[in-house]
Amino acid sequence: MADIVVLGIFVADAAFRADRMPNMGETVLGQSFALGPGGKGSNQAVAASRAGGDVAFLGKVGQDPFGDMALRLWQDAGVTPAVSRPEGAATGAAFIYLDAATGDNAIIVAPGVASTLSAADMDAQAKLIGGAKIFLTQLEQPMDAAHRALQIASDRGALTLLNPAPAADLPDGMLSLCDYVTPNENEAEALTGIPVTDEDSARAAAAHLLAQGVRRATIITMGAQGALYHDADLSVRVPAVIAGDVVETTGAGDAFNGAFAAALTQGQAPLDAVRYGCAAAGLSVTRPGAAASSPMAADITAVLQKI
């Protein structure tokens, strides 16, 4: 059993840094290449563990070198894998374009065997899911798996946290299974139809999500503008934490979500947990990689003490 259970995918990230994306039919010379661990769910599990959480990861990987990479990652990060490895199945991979000037990214994800995660798989892990203090998921694995896992966690009293990424249409009633929802600006717009460009528009989108059934709070992550925390009684924009020069933004949202979940299990108030998440994200963008950029709890605390 674990305090935090994360459902998601692991993929191997193939990251290419270049001045621009190529046009169709064009070849562009890149400045660097790196192969490392990724996948939103796995990244968030690693981030939560490094931020002080007791974490289990629920997913699937193949019996291949990328799957072996995943197991080494989780062992090093202190994450307990609740992972099956079907024979003949391939672990997923992701193409990541990194803008050499800004560190911003564009990503294509192929989930591999994780695309077979199902509602039945969640039923088989009901004890693990329901025994958590917090259950966290995203939308890179099939929707029916995420939906069923949220139902199990909700029915058994775990706090539920949905990071609705990548943006997708949600089944009716899914938001009402969520205590916290953490979209970025684009995902908030996809869910609400409200373009999120500033604090006021973020507040309008957050209120819309609460009206759709989110039970406790909506947190809209806004990059350099920080994060807006919005519940029935309180609406506060938490500023971004500047911890150094931006190297790469890949994984910043995952660092936020993992650290936010870890802070909640440590007894921090939700708004303080948002600040903790913002500090983790601020540190992560100063480092290359996705999972590799997630900071340790001591580093997060040290940054917060300087603010």
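Student: In this predicted model, which residues does S49 touch, leaving aside residues up to four places away in sequence?
Tutor: Residues up to four places away in sequence are not counted here, and S49 itself lies in helix α1.

Student: Is S49 buried or exposed?
Tutor: The relative accessible area of S49 is 13%, and the cut-off for the buried class is under 20%. Because 13% falls under that cut-off, S49 counts as buried.

Student: Where is Q141 found, and what is its relative accessibility?
Tutor: Q141 is found in the loop between β8 (134-137) and α5 (143-155). Q141 counts as buried because its relative accessibility is under the 20% cut-off, the value being 3%.

Student: How far apart in space are Q141 and V113, C-alpha to C-alpha?
Tutor: In sequence, Q141 and V113 are 28 residues apart. In space, the C-alpha to C-alpha distance between Q141 and V113 is 9.7 Å.

Student: Which residues of β8 are buried on each of its two sides?
Tutor: In a regular strand the side chains alternate between the two faces of the sheet. In β8, both faces are covered, with I134 and L136 buried on one side and, on the other, F135 and T137.

Student: Which residue in β9 is the bridge partner of T137?
Tutor: Strand β1 (residues 4-7) pairs with β8 in the parallel sense over four bridges, and I4 stands opposite I134 in β8. Strand β9 (residues 159-162) also pairs with β8 in the parallel sense over four bridges. In β9, the bridge partner of T137 is L162.

Student: Which element gives the most to the lining of the largest pocket?
Tutor: The largest pocket holds about 1100 Å³ of space and is lined by 47 residues, of which N184, T249, G251, A252 and G253 lie nearest its centre. The elements that give two or more residues to this lining include β2 (11-18), α1 (40-50) and α8 (252-265). With five residues, the element that gives the most is α8.

Student: How many residues in the lining of the largest pocket are charged?
Tutor: By class, the lining of the largest pocket has 22 nonpolar residues and 19 polar ones. The number of charged residues in the lining of the largest pocket is six.

Student: Which element gives the most to the lining of the second largest pocket?
Tutor: The second largest pocket has a volume of about 200 Å³, and of the 16 residues that line it, the closest to its centre are A15, A34, E248, P288 and G289. By class, its lining has ten nonpolar, three polar and three charged residues. At least two residues of this lining come from each of β2, β3 (32-38) and β6, and the element that gives the most, with six residues, is β3.

Note on methods
Residues numbered from 1 in each chain as written. Predicted model: local features only at pLDDT ≥ 70, side-chain atom pairs only at ≥ 80, totals over all residues. Heavy atoms only, no water. 1 Å grid on protein atoms, 1.4 Å probe; cavity = no way out; pocket = protein on both sides within 12 Å on 5 of 7 lines; lining within 4 Å. Points joined across faces, edges and corners; volume = space filled by probe spheres on them. Nonpolar A, V, L, I, M, F, W, Y, C, P; charged D, E, K, R; others polar. Buried < 20%, exposed > 50% of the residue type's maximum accessible area, 1.4 Å probe, protein only. Contact = heavy atoms within 4.5 Å. Pairing = 2+ DSSP bridges.
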